[in-house]
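Me: I am new to this structure and would like to go through parts of it by question and answer. Please show it to me.

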Amino acid sequence: MSVLTRDEAQTRAQLLDIEHYTVDLDLTTGDETFESTTAIRFTARTAGDTFVELKPVTLHSATLDGTPLDPATLAENRLPLSLTQGEHELRVSTTMRYSRTGEGMHRFTDPTDGEAYVYTQAFMEDIQRVFAAFDQPDLKAVFDVSVTAPEGWTVLANGITEQQPDGRWKAATTPLLSTYFVCVAAGPWHSVRTEHAGLPFALHCRRSLAPHLDIDADEILDITKACFDRFHEKFDEPYPFDSYDQAFVPEFNAGAMENPGLVTFRDEFVYRSAVTVTERQTRAMVIAHEMAHMWFGDLVTLQWWDDIWLNESFAEYMGYQTINEACSDRFPDTWIDFGIERKAWGYDADQRPSTHPVAPDPDAVPDTASALLNFDGISYAKGASALRQLVAWMGEKDFLAGINTHFKRHRFGNATLADFIDNLASATDRDVHAWADEWLRTTGVDTLTSELGGDETRTTLTVHQHGSRPHRIAVGVHDRDLVDSRRLVPREHLEIDVPQTEPLELPGPRPALVVLNDGDLSYAKVRLDEHSLENALRGLSGIPDALTRAVVWNTLRDMVRDGELEPDAYLTTAVAHLPEETDLAIVQGVLAFARTQIADRYLPLDERPAALAQLTALARTLIRHTEDGDAPGLRLTAVRTFISSATQPDTIAGWLADGTVPGGPEIDPELRWRILARLAVLGAVDDAAIDAELARDPSATGQEGAARCRAALPTPEAKAAAWSRLFDTDDLSNYLFTATAQGFWQPEQAELVREYVPRFYPAAIALGARRGPAIAEAAGRHAFPAYAIDQDSLALGESHLEDPTLTPALHRKLTDQLADLHRALKTRKP
């Protein structure tokens with residue numbers, strides 16, 4: 001398929017004004033295809049040649065101003081148009097194919113009850129799989145959408161929908177939208193409806209998930225309403241659409257999508273099993289993130305995809321900040337989770353060869369294929385961190401004033417980075433343009449290192465900076481508690497600007513611990529002075545503030561990744577301090593890094609059993625500490641860690657047989673599949689046991705669990721069958737592909753699957769070319785031989801990066817994976 005270039009988009013935008021789409025979809029014609037009819041009214045400013053995009057199974061007819069066009073002229077995804085100056089109407093009738101990869105119109109049949117559901121994911125260039133369109137973000141138009149659906153289905157869309165006397169569903173006419181925002185979701189939905197601020201609000205999910213949504217509906221709606229009200233306190237522009245629907249849809253590739261008036265979420269957010277408060281906080285943050293897009297992204301939309309960070313960085317920052325403000329009773333400090341989880345994503349992405357500026361140069365995003373690569377930790381986490389630093393630097397009042405000017409000037413239109421910076425600059429005396437050049441146009445992570453000097457009565461702090469960005473940071477100064485030497489007591493909390501003009505004077509004796517970027521307001525790696533590092537390793541759990549502890553844990557994590565701290569020293573620190581840790585986000589983040597990176601990748605294979613033994617012992621300690629039931633999230637986290645780290649099957653097999661962990665929790669479906677997957681890796685179950693569990697839980701999640709378990713079985717036959725399902729056939733959905741890939745590679749089975757390492761690259765390259773970006777990205781992320789950590793594997797992978805048939809999505813993913821493999825090799829002991 002031809003990808004749209006920036007130059008082509010600019011040329012077409014100069015030629016055309018798009019006024020109106022009438023879209024009619026018929027979803028009653030079978031399980032494989034649907035019918036799509038589109039009428040587009042538009043004006044050509046001058047005579048000229050252009051094209052409309054579509055990706056049909058069959059193009060039945062196309063007419064321009066009543067004159068038939070030859071369907072044979074459709075070349076790949078482009079139907080050429082020769083236009084005279086003036087008004088035109090294009091009509092296109094097609095048969096389109098349902099997707100199984102989460103792109104375009106995705107169709108899913110629920111294995112629990114046989115009910116079918118469809119929904120659109122139109123992002124970037126996938127609306128062309130649904131109807132004909134001039135598909136670029138700056139050609140906004142009004143949409144009228146009608147859908148013929150099977151009896152018993154409900155149709156959702158960007159506006160309020162009503163069923164007509166002829167059985168068709170008609171959506172309310174939209175305001176001006178970009179094509180990638182048009183959304184339809186149809187099926188026998190279970191819905192929970194309410195009203196807020198005079199607008200209809202609703203939640204929707206598959207019928208089989210109805211009991212689980214009903215349990216959480218009040219919480220989800222309370223959070224939605226609180227965020228809605230908070231945004232109306234921040235923003236002058238009112239919510240710009242006629243309703244607010246949130247649909248939890250199956251096999252969704254992203255976390256959620258900000259379709260105006262109809263946000264779609266992955267339906268794993270409808271929890272079937274017990275979850276921790278941090279997981280609920282993540283769901284809340286995604287709700288806030290997508291609602292922020294209603295203004296930044298939907299009301300005001302980027303002009304071209306180089307400015308995707310304007311959408312995502314803003315929504316990411318607003319998501320965390322708004323939950324922190326509007327839902328503090330449920331989630332006391334979301335920025336701890338951001339610092340531990342999301343920020344690490346940004347730091348990692350920014351240190352790979354594929355890094356790019358938050359706001360890349362326009363020439364770096366010449367087409368839609370290259371734009372798709374920038375949905376990463378830089379556009380989300382680093383960009384949000386930069387905005388948080390900007391707010392700290394210019395003040396929230398001025399920041400919001402600039403944002404509101406931006407909304408007012410560009411409502412229902414498009415805007416660029418230059419527009420955004422100009423609008424912020426109009427609200428402050430600070431040089432926002434210089435700030436943008438230093439923060440948004442550069443790559444890499446600055447490193448801030450503290451150096452202490454002075455004598456017994458005074459201390460000087462010098463901050464050495466590797467990098468050149470200006471930082472407004474806080475410095476936390478701590479002394480050791482005179483009563484309990486394990487505790488650290490805050491002495492001072494100071495704000496400084498980096499680069500410094502002169503060393504900072506700290507009255508009093510040398511402190512036990514000095515933490516740069518205390519409060520985590522800036523985006524930089526931190527290095528402690530030698531004295532502070534020694535005290536941190538010994539007394540980390542004795543630091544009273546959780547966000548300060550998060551900054552120190554991130555420092556240790558970065559030091560491991562940079563080869564400045566031995567991996568086993570990090571693990572030893574975790575064992576020493578996590579039993580005293582009170583913040584669940586920190587516990588989860590540290591355990592995840594210790595389990596998936598230290599044990600699985602950074603330690604040599606012969607040291608892995610000892611690391612897993614330390615982790616299971618730590619998990620046992622945490623389980624003992626939570627026997628009183630006061631910390632169910634911590635207990636659940638410890639149980640999950642124990643399961644994933646088990647090297648012997650007896651204990652977890654006993655839990656599975658008993659249906660409970662002694663003292664709780666009950667072994668719910670999520671834990672049952674987690675245990676079964678670990679037992680499969682250890683060779684302690686067989687196909688019959690997997691089949692029995694699937695009969696017990698035949699849901700979509702059960703199907704994925706079974707696929708993961710079968711691929712994890714340590715036999716040549718199981719691996720051959722899984723490989724064939726991944727690469728020899730194209731019938732796996734995106735979720736079943738991912739589950740199978742996750743089961744295939746296991747550190748314990750390195751020798752068993754060694755023969756597949758060289759087979760991966762040609763197989764993945766061919767698969768990506770056949771099945772498109774979503775499956776290509778899944779193959780690079782989940783099917784990559786991540787545990788083949790040796791120089792031969794690295795050289796093999798690097799040799800395939802020059803393959804001209806590599807799709808951009810897979811090339812980017814392999815580049816990142818090989819960079820991580822190189823880092824793992826450097827981190828391992830000689």
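Reply: Contact here means heavy atoms within 4.5 Å. The model is a predicted one.

Me: Which residues of α7 does α4 meet?

Reply: On the α4 side, the contact is made by Ile308, Trp309, Glu312, Ser313, Phe314, Glu316 and Tyr317. By class, the contact of the two helices has 8 nonpolar, 3 polar and 3 charged residues.

Me: How is α4 oriented relative to α7: roughly parallel or roughly perpendicular?

Reply: The axes of α4 (residues 308-326) and α7 (residues 378-394) come within 7 Å and cross at roughly 65 degrees. Angles of 65 to 115 degrees count as roughly perpendicular. Therefore α4 is, relative to α7, roughly perpendicular.

Me: Is Gly377 buried or exposed?

Reply: Gly377 lies in the loop between α6 (368-371) and α7. Leaving aside residues up to four places away in sequence, Gly377 touches Trp345, Gly346, Ala349 and Lys382. Buried means under 20% relative accessible area. Because the relative accessible area of Gly377 is 0%, this residue is buried.

Me: Within what arc do the buried residues of α13 fall, seen down its axis?

Reply: In α13 (residues 567-577), the buried residues are Pro567, Tyr570, Leu571, Thr573, Ala574 and His577. They line one face of the helix, because seen down the axis of α13 they fall within an arc of 160 degrees.

Me: What covers the buried residues of α13?

Reply: These buried residues belong to the helix spanning residues 567-577. Their cover includes α11 (530-539), α12 (546-561), α14 (584-602), α15 (608-625) and α26 (808-827).

Definitions and conventions
Residues are numbered from 1 along each chain as its sequence is written. This is a predicted model: local features need pLDDT of at least 70, side-chain atom pairs count only at pLDDT 80 or more; totals for chains, interfaces and linings use all residues. Side-chain values use heavy atoms; hydrogens and water are left out. Axes are lines fitted to C-alpha atoms, for helices over the stretch in contact, and angles run from 0 to 180 degrees between N-to-C directions. Helices (H or I, at least four residues) and strands (E, at least two) are DSSP runs, numbered from the N terminus. Angles under 35 degrees count as roughly parallel, over 145 as roughly antiparallel, 65 to 115 as roughly perpendicular and the rest as oblique. Ala, Val, Leu, Ile, Met, Phe, Trp, Tyr, Cys and Pro count as nonpolar, Asp, Glu, Lys and Arg as charged, and the others, Gly among them, as polar. Buried means under 20% relative accessible area, exposed over 50%, partly exposed in between (1.4 Å probe, protein chains only). The arc is that of the directions from the helix axis to the C-beta atoms.
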